Amino acid sequence: MSSTIPLKMQVEIERLRLKSPFRIAGYTFNEVPVAVVTLHSERACGRGEAAGVYYLNDPPEQIVRTLESHRSTIERGIDREQLRQLLPLGGARNAMDCALWELEARHSGKHVWTLCGIDQAVPRITTFTLSADEPAAVLRSAEALPHAQALKLKLDGDVQMDKERVRVVRKLRPDAWIGVDANQGYTLKSLNAAMPTFVEAGVKLIEQPLRRGHEAELEGFDSPIPLAADESVQGLTDVPGLVGRFQVVNIKLDKCGGLTEALAMVREARRLGLQVMVGNMMGSSLATAPAFVVAQLCDYVDLDGSVFLAEDRRPGVTYQDGKVHCPSSLWGDVK
């Protein structure tokens, strides 16, 4: 917002139940706790949701503590640039930043995407994620997604198991775009061992193969499949260091601290010749909605987080023909 006005902040933790346990390399999730921020002005309110970054010790409880420690500063009035100076990257800034965007939309009478310079937010093809289960279970999950145009397989670093996961899904869905996400579970040696199968199966993207902090090992690695940085890129200052190591930047609002930083990351990635992907930590449609704005500017979209919930918000994002759509009434509307 261009000028600051007094605000009233409400912040609370909600626990979102999953339909079933969700597994990635090193973690199993049974529920998704999230922090929800609501900012009230005299004329309107704005909302933001953040799950935080689990592998950086940024849980919703810490998000709440961080925001409460700055309550007086926030409630005196704050704009998005001041917020970037006040809070570090992570969930607390994300929830606040998104709430400020919605509040500005309602004050200005313009949709958030209009404020971002986007003429209209349109449905985008999204990946649908398959948990790193036994291959037979992965196959059953894929069979339940006949509408999906794009599938993303979570891997766990067991090369033989990962190769079989890829094979069974490709056999079932010869028509689908397939990407894989190692979630830091590979070494350069195991990546090389799995690569021929990935190539044979027509995998189009490999996300975060190596552990965060080992990015230099990818220098000079001539991957036949584009590599996407996820855990290796948190915010804007990390983007230049990806050049020569990755080809794609995966932007998540919980990592970078909100829509404001995400838009800056898109611009910087494009300037450096990198492709752009948007994803999100698991959460409700309220968390997906701001990322959907970023999706309008991206090459790859991974916004299926709410489909894993036993119950989502209403209204929520919708999925049809493999595409994600966010109704304006969900978040960022003018009313």
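## The eight-stranded sheet

Eight strands line up as an open sheet in the order β5-β6-β7-β8-β9-β10-β11-β12, and the pairing is parallel. Strands here are DSSP runs of E with at least two residues, helices are runs of H or I with at least four, and both are numbered from the N terminus. Two strands count as paired if DSSP finds at least two bridges between them. The edges belong to β5 (127-130) and β12 (300-302); each has a single partner strand, so one side of each is left without a neighbour in the sheet. On average, neighbouring strands in this sheet are turned by 25 degrees against each other, direction ignored. For angles like this, axes are lines fitted to C-alpha atoms (for helices, over the stretch in contact), and values run from 0 to 180 degrees between N-to-C directions.

Before going further, a word on the source: this is a predicted model, in which local features need pLDDT of at least 70 and side-chain atom pairs count only at pLDDT 80 or more, while totals for chains, interfaces and linings use all residues. Residues are numbered from 1 along each chain as its sequence is written, and side-chain values use heavy atoms, with hydrogens and water left out.

## Inside that sheet: β10

Strand β10 (residues 248-252) is mostly covered, with five of its five residues buried. Buried means under 20% relative accessible area, exposed means over 50%, and partly exposed is in between (1.4 Å probe, protein chains only). In a regular strand the side chains alternate between the two faces of the sheet. For β10, both faces are covered: V248, N250 and K252 are buried on one side, V249 and I251 on the other.

What flanks β10? Strand β9 (residues 227-229) runs parallel to β10 and is joined to it by two bridges, with A228 finding its bridge partner in V248. Strand β11 (residues 275-279) also runs parallel to β10, through five bridges, and here I251 has V278 as its bridge partner.

## The three-stranded sheet

There's also an open sheet of three strands, in the order β1-β2-β3, with antiparallel pairing. Its edge strands are β1 (8-24) and β3 (45-50), each pairing on one side only. Neighbouring strands are turned by 20 degrees against each other on average, direction ignored.

β1 and strand β2 (residues 27-40) pair in the antiparallel sense over 13 bridges. Along this pairing, I24 stands opposite Y27 and E14 stands opposite V34. Then a hairpin takes β2 to β3 through four residues. Six bridges join these two antiparallel strands, and H40 has C45 of β3 as its bridge partner.

Helix α1 (residues 60-69) lies across β1, β2 and β3, running at about 165 degrees to β1. Helix α4 lies across β1, β2 and β3 as well, at about 155 degrees to β3.

E102 lies in α4. Is this residue buried or exposed? E102 is buried, with a relative accessible area of 0%. Leaving aside neighbours within four places in sequence, E102 is in contact (heavy atoms within 4.5 Å) with C45, G46, R47, V112, L330, W331, G332 and D333.

## Where α4 meets α10

Helix α4 (residues 91-108) packs against helix α10 (residues 259-271) at an angle of about 95 degrees, with the axes 8 Å apart. That makes α4 roughly perpendicular to α10; the label covers 65 to 115 degrees, with under 35 roughly parallel, over 145 roughly antiparallel and the rest oblique.

R93, D97, C98 and W101 make the contact from α4, and L259, T260, E261 and L263 from α10. By class, that contact has four nonpolar, one polar and three charged residues. Ala, Val, Leu, Ile, Met, Phe, Trp, Tyr, Cys and Pro count as nonpolar, Asp, Glu, Lys and Arg as charged, and the others, Gly among them, as polar.

## Two nonpolar cores

A nonpolar core is a set of buried Ala, Val, Leu, Ile, Met, Phe, Trp, Tyr and Cys residues joined through side-chain atoms within 4.5 Å. The largest one has 84 residues, and F198, L259 and W331 have the most contacts inside it. Helix α11 (residues 285-295) gives the most to this core, with seven residues. Apart from this core lies another, of 21 residues, among them V64, L67, L100 and L103.

As for F198, its contacts are L155, V166, V180, Y186, V203, I206 and I225, not counting residues up to four places away in sequence.
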